[in-house]
Amino acid sequence: MANLLERFEAQLAEGNDSALLRLSIAQQLSTELRFDEAIGHLQRALLLNPLYTAVWQALGSALEKKGDAARAMATYKSGVETAKKNGDKQAERQMGVFLSRLTKAAQATG
């Protein structure tokens, strides 16, 4: 039996592209620490649905875990704005906390 990532990739190969499928693939890749690949899928997911707040949050997280704090902060900022537009208060708060933490860390290191 194929693992979850293989099943998701098979769906994609069959032409079933969607923001949710790309997010699912990226989440699996992230668990395998394959952040560059995850980031690519998340960027494609945002092209498919730029209002999908979970994708903004996952992209910020993948960038942060990869060590790209500047891009992670920019992503979280965009995600907060998107969450505000959507009325998604929970995502807005969560990404706001992540953004604040990264901003403080960047200020501390000068």
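Hi everyone, let's start with the inside of this protein: buried residues make up 36% of the 110 residues in the chain. Buried here means under 20% relative accessible area, exposed means over 50%, and partly exposed lies in between, using a 1.4 Å probe and protein chains only. Please keep in mind that this is a predicted model, where local features need pLDDT of at least 70, side-chain atom pairs count only at pLDDT 80 or more, and totals for chains, interfaces and linings use all residues. Residues are numbered from 1 along each chain as its sequence is written, and side-chain values use heavy atoms, with hydrogens and water left out.

Now the overall picture. The chain has 6 helices and 0 strands, and from the N terminus on, the order is α-α-α-α-α-α. Helices (H or I, at least four residues) and strands (E, at least two) are DSSP runs, numbered from the N terminus. Along its principal axes, the C-alpha trace spans about 50 × 30 × 20 Å. A compact globule of 110 residues would have a radius of gyration near 13 Å, and this chain has 15 Å, which agrees. That radius is taken over C-alpha atoms, and the globule rule is 2.2 Å times the number of residues to the power 0.38.

Which of its residues are buried? They are Leu5, Phe8 and Leu12. Seen down the axis of α1, these buried residues fall within an arc of 65°, so they line one face of the helix. The arc is that of the directions from the helix axis to the C-beta atoms. What do the buried residues of α1 pack against? Their partners are α2 (19-31) and α3 (35-48).

Asn3 caps the N-terminal end, with a side-chain oxygen 3.0 Å from the backbone nitrogen of Leu5. Just after α1, Gly15 takes a positive phi of about 95°.

Further on, Leu33 sits in the loop between α2 and α3. Its phi is near 60°, a positive value in a residue other than glycine. Leu33 is exposed, with a relative accessible area of 63%.

Next stop, helix α4, residues 53-66, which holds Thr53. Thr53 is buried, with a relative accessible area of 9%. Leaving out residues up to four places away in sequence, Thr53 touches Thr82, Ala83, Asn86, Asp88, Ala91 and Met95. Thr53 and Glu92 are 39 residues apart in sequence, with 8.5 Å between their C-alpha atoms.

Ala91, from that contact list, is found in helix α6. It counts as buried, at 6% relative accessibility. With the neighbours up to four places away again set aside, Ala91 touches Thr53, Gln57 and Ala83. Ala91 and Ala54 are 37 residues apart in sequence, and their C-alpha atoms are 7.5 Å apart in space.

Staying with α6, we also find Gly96 there. Gly96 is partly exposed, with a relative accessible area of 27%. The C-alpha atoms of Gly96 and Glu6 are separated by 33 Å, and the two residues are 90 apart along the chain.

Finally, the aromatics. How many aromatic pairs does a search of the whole structure find? It finds 1. Tyr76 and Phe98 form that pair, which is tilted, at 5.4 Å centre to centre and 45° between the planes. For reference, rings of Phe, Tyr and Trp (its six-membered ring) pair if their centres lie within 6.5 Å; planes under 30 degrees apart count as stacked, over 60 as edge-to-face and the rest as tilted. Tyr76 lies in helix α5 (residues 69-86) and Phe98 in helix α6 (residues 89-109), so the pair ties together parts that are 22 residues apart in sequence. Tyr76 counts as buried at 1% relative accessibility, whereas Phe98 is partly exposed, with a relative accessible area of 23%.

Key
Contact = heavy atoms within 4.5 Å. Polar contact = N/O pair within 3.5 Å; in protein donor to acceptor, adjacent residues only side chain to side chain.
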